[in-house]
Amino acid sequence: MMSDIANGGCLCGAVRFEVAGPPLWVAHCHCHSCRRSTGAPVTTFVGFRYSNFTFNTGSSGVYESSPGVWRRFCTTCGTPLSYEADRYDDEIHIYISTLDHPEDYPAQSHVFYGERISWFDVHDSAPRFVATARERNIVAHGPVDE
Ligand SMILES: [Zn+2]
Ligand SMILES: [Zn+2]
């Protein structure tokens, strides 16, 4: 059961944040930049309204990973925290495992599926998008069997 306020933070606990309101979407991102930024084969994001987001403690660093794209991280332990982009007005995308209760936000889709590591597969029925759901360029519903 989702509450109206979600709390989260980094590995060392220095950075804590809270965000209000329902998530906009939840997606696995397979893009090269997210994978390199986290060192993980896939990352999962929850989108929220930026205006509902607040850092409570700690200091976050920010890195412009592409023009107009901003990735925040804890300056003490290095945990990746969020993704913001000039083109996504009033949105902040939180790396799902920084939330205290990621189980409350089941993933709905796979984005940048064409950039995935070739051996990476998840057997779910979520749609796979070449880029994002906004472009509606779906690849397949669920895993490709053949
Ligand atoms: Zn930290
Ligand atoms: Zn990505």
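The following paragraphs describe the fold of a single predicted chain, from its overall dimensions to individual residues.

The model is predicted, and for that reason local features are reported where pLDDT is at least 70 and side-chain atom pairs count only at pLDDT 80 or more, whereas totals for chains, interfaces and linings use all residues. Residues are numbered from 1 along each chain as its sequence is written, and chains are lettered from A and ligands numbered from 1 in the order in which they are written.

The chain contains one helix and twelve strands, where helices (H or I, at least four residues) and strands (E, at least two) are DSSP runs numbered from the N terminus. Along the sequence these elements follow the pattern β-β-β-α-β-β-β-β-β-β-β-β-β. The radius of gyration of the chain is 15 Å, close to the 15 Å given by the globule rule for 146 residues, so the chain is as compact as a globular protein of that length; the radius is taken over C-alpha atoms, and the rule is 2.2 Å times the number of residues to the power 0.38. Taken along the principal axes, the C-alpha atoms fill a box of roughly 50 × 35 × 25 Å. Of the 146 residues, 28% count as buried, a residue being buried if 20 or more other C-beta atoms lie within 10 Å of its own, exposed if 12 or fewer, and partly exposed in between, with C-beta atoms placed from the backbone. Among the contacts with a separation of 6 or more, 52% are accounted for by residues 24 or more positions apart, two residues being in contact if their C-beta atoms, placed from the backbone, lie within 7 Å.

An open sheet of three strands has the order β1-β2-β5 and antiparallel pairing, where two strands pair if DSSP finds at least two bridges between them. The edge strands of this sheet, β1 (5–9) and β5 (53–57), each pair on one side only. Neighbouring strands of the sheet are turned by 25° against each other on average, direction ignored, the axes being lines fitted to C-alpha atoms and the angles running from 0 to 180 degrees between N-to-C directions. Strand β2 (residues 16–20) is joined to β5 in the antiparallel sense over four bridges, and Val19 stands opposite Phe53 in β5.

Strand β3 takes part in both kinds of pairing, with five bridges to β4 in the antiparallel sense and three bridges to β10 in the parallel sense. His28 stands opposite Thr44 in β4 and also opposite His110 in β10. Strand β3 is mostly covered, as four of its five residues are buried.

When neighbours within four places in sequence are left aside, Cys29 is in contact with Cys34, Val42, Thr43, Phe45, Val111 and Phe112.

Phe112 lies in the loop between β10 (109–111) and β11 (127–129) and is buried, with 21 other C-beta atoms within 10 Å. Most residues other than glycine have a negative phi. Phe112, however, has a positive phi near 50°. The C-alpha atom of Phe112 is separated by 8.7 Å from that of His32, although the two residues are 80 apart along the chain. His32 lies in helix α1 (residues 32–38) and is exposed, with 11 other C-beta atoms within 10 Å. A positive phi, of about 55°, is also found at Asp90, which is not a glycine; Asp90 is placed in the loop between β8 and β9 and is exposed, with 12 other C-beta atoms within 10 Å.

Strand β6 (residues 60–66) is joined to β7 by six bridges in the antiparallel sense, with Tyr63 opposite Arg71 in β7. The hairpin of these strands has two residues between them, and Gly68 takes a positive phi near 80° there. Val69, found in strand β7, counts as partly exposed, with 15 C-beta neighbours inside 10 Å. Not counting residues up to four places away in sequence, Val69 touches Glu64 and Ala85.
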